Amino acid sequence: MQQAAGSAAFFGGNCRFLTKRLWDAANSPPYMHHGMCTTMRGSILAHGGEGLASRNAFMALPAADQDAIIEFLKTLQVLPPGTAHRVVDENFKEKVWPPIPDNQL
Ligand code: HEM
């Protein structure tokens, strides 16, 4: 961005990306700098460079562990001002967590 607009250096870029914060990731799709990833899983699989080892480690996990990471990422939300509860459903209503097991209802 410090190069003359339209110059070869401008379009060449600097091949660097800032690692994005994840603390509001669930609030802010689409993902990555180009916005072409619409899912958390797609975002992880799009990692290269310094993030490639993490991508490969993710792919090597059993499906259930991959799913657990995706579910964790989906909890990284910034709640709207005034939200009364810390654990909420998709409508920001209170959610009991951990869930009550069926045999204790
Ligand atoms: C378990 C490990 C990791 C997970 C689950 C993860 C997850 C994610 C997710 C969900 C995004 C999209 C964020 C958004 O667009 O709002 C992202 C972006 C990014 N991550 Fe990771 N990441 C991991 C490891 C790493 C590592 C080790 C690096 C580099 C050292 C890295 C570098 C980046 C960069 C540079 C972006 C932004 C890329 C872009 O905007 O195109 N990540 N990551």
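1. Ligand shell. In this predicted model, the ligand is surrounded by 18 residues, and the closest of these are Tyr31, Met32, His33, Glu50 and Gly51. Sorted by class, the shell holds nine nonpolar, seven polar and two charged residues.

2. At least two shell residues come from each of α2 (40-45) and α4 (63-74). The top contributor is α2, which supplies three residues.

3. Overall fold. The protein has four helices and zero strands, and its elements follow the order α-α-α-α from the N terminus. The radius of gyration is 19 Å, whereas the globule rule gives 13 Å for 105 residues, so the protein is more spread out than a compact globule. The C-alpha trace spans about 65 × 40 × 15 Å along its principal axes.

4. Of the 105 residues in the protein, 3% are buried. Taking the contacts between residues at least 6 apart in sequence, 38% join residues at least 24 apart.

5. Helix α4. The end C-alpha atoms of α4 are 17 Å apart; its twelve residues, at 1.5 Å a residue, should span 16 Å, so the two values agree. A residue counts as buried when 20 or more other C-beta atoms lie within 10 Å of its own. The number of buried residues among the twelve of α4 is zero, so this helix lies largely in the open. As stated in point 2, α4 also supplies at least two residues of the ligand shell.

6. Cis peptide bonds. The bond from Pro29 to Pro30 is cis, with omega near -5°; Pro30 sits in the loop between α1 (8-12) and α2. The bond from Trp97 to Pro98 is also cis, its omega being near 0°, and Pro98 belongs to the segment after α4.

7. Met32. This residue is not a glycine, yet its phi is positive, at about 70°. Met32 is placed in the loop between α1 and α2, and is one of the closest residues to the ligand. With 13 other C-beta atoms within 10 Å, Met32 is partly exposed.

8. Phe92. Here too a residue other than glycine has a positive phi, in this case near 65°. Phe92 is located in the segment after α4.

How values were computed:
Residues numbered from 1 in each chain as written. Predicted model: local features only at pLDDT ≥ 70, side-chain atom pairs only at ≥ 80, totals over all residues. Near = placed C-beta within 6 Å. Nonpolar A, V, L, I, M, F, W, Y, C, P; charged D, E, K, R; others polar. Rg over C-alpha atoms; globule rule 2.2 N^0.38 Å. Contact = placed C-beta atoms within 7 Å. Expected span 1.5 Å × (residues − 1).
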